[in-house]
Amino acid sequence: MVTYENVTVPDEGDRIEVVDEDNDELDVPETPIIPIIHGDGIGQDVGPAAQKVLTAAANATGRDIAWMRVFAGESAREKYGDDVNLPEDTVNAIDEHRVAIKGPLTTPVGAGFRSLNVALRQTLDFYANVRPTYYL
């Protein structure tokens with residue numbers, strides 16, 4: 001298990017594991033640990049609201065979610081310093097736990113820092129945004 005500088009791993013819960021990489025089959029425990037980036041701006045409202053909805057949905061199925069707060073953008077600069085927008089802690093946590101939730105992040109216009117959405121996709125080699133939807 002990876003150690004983190006400014007991220008607290010929940011005491012309860014387990015990582016989601018890959019059972020069969022060829023078929024993208026996952027073993028999802030009863031209480032998965034899921035990293036969450038609340039986001040910037042409206043993300044500060046959207047992230048926690050999504051967290052409540054997903055927790056209620058998990059509870060309705062007899063499961064739970066152990067949330068692990070990770071940081072990017074404004075929250076990362078507050079925790080790691082003014083020049084850190086995407087800390088290694090965040091990248092490592094998402095890589096280790098396989099699934100994460102991300103709220104809206106500030107995208108610079110013209111100059112400043114590179115888009116954090118693009119940086120996350122490139123760093124973690126994610127080039128598809130798959131959003132499976134189920135009717136409940």
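## Strand E3

Buried means under 20% relative accessible area. By that cut-off, E3 is mostly covered in this predicted model: five of its five residues are buried. Ile33, Pro35 and Ile37 point one way from the strand. Ile34 and Ile36 point the other way.

## Strand pairing

E3 pairs with E4 in the parallel sense, over four bridges. Within this pairing, Ile34 stands opposite Trp67 of E4. E3 also runs parallel to strand E5 (residues 101-102), joined by two bridges. Here Ile36 has Ile101 as its bridge partner.

The largest nonpolar core has 18 residues. Val7, Ile37, Met68 and Val70 have the most contacts inside it. Strands E3 (33-37) and E4 (66-69) each give two or more residues to this core, as do helices H2 (74-80), H3 (88-97) and H4 (116-124). A second, separate core has five residues, including Ile34, Ile36, Ile65 and Trp67.

What does Val70 touch, leaving aside residues up to four places away in sequence? Its contacts are Val7, Pro35, Ile36, Ile37, Thr90 and Ala93.

## His97

His97 lies in helix H3. Its relative accessible area is 0%, so His97 is buried. Beyond residues up to four places away in sequence, His97 touches Tyr4, Arg15, Ile16, Ile33, Pro35 and Met68.

Definitions and conventions
Residues are numbered from 1 along each chain as its sequence is written. This is a predicted model: local features need pLDDT of at least 70, side-chain atom pairs count only at pLDDT 80 or more; totals for chains, interfaces and linings use all residues. Side-chain values use heavy atoms; hydrogens and water are left out. A nonpolar core is a set of buried Ala, Val, Leu, Ile, Met, Phe, Trp, Tyr and Cys residues joined through side-chain atoms within 4.5 Å. Buried means under 20% relative accessible area, exposed over 50%, partly exposed in between (1.4 Å probe, protein chains only). Contact means heavy atoms within 4.5 Å. Two strands pair if DSSP finds at least two bridges between them.
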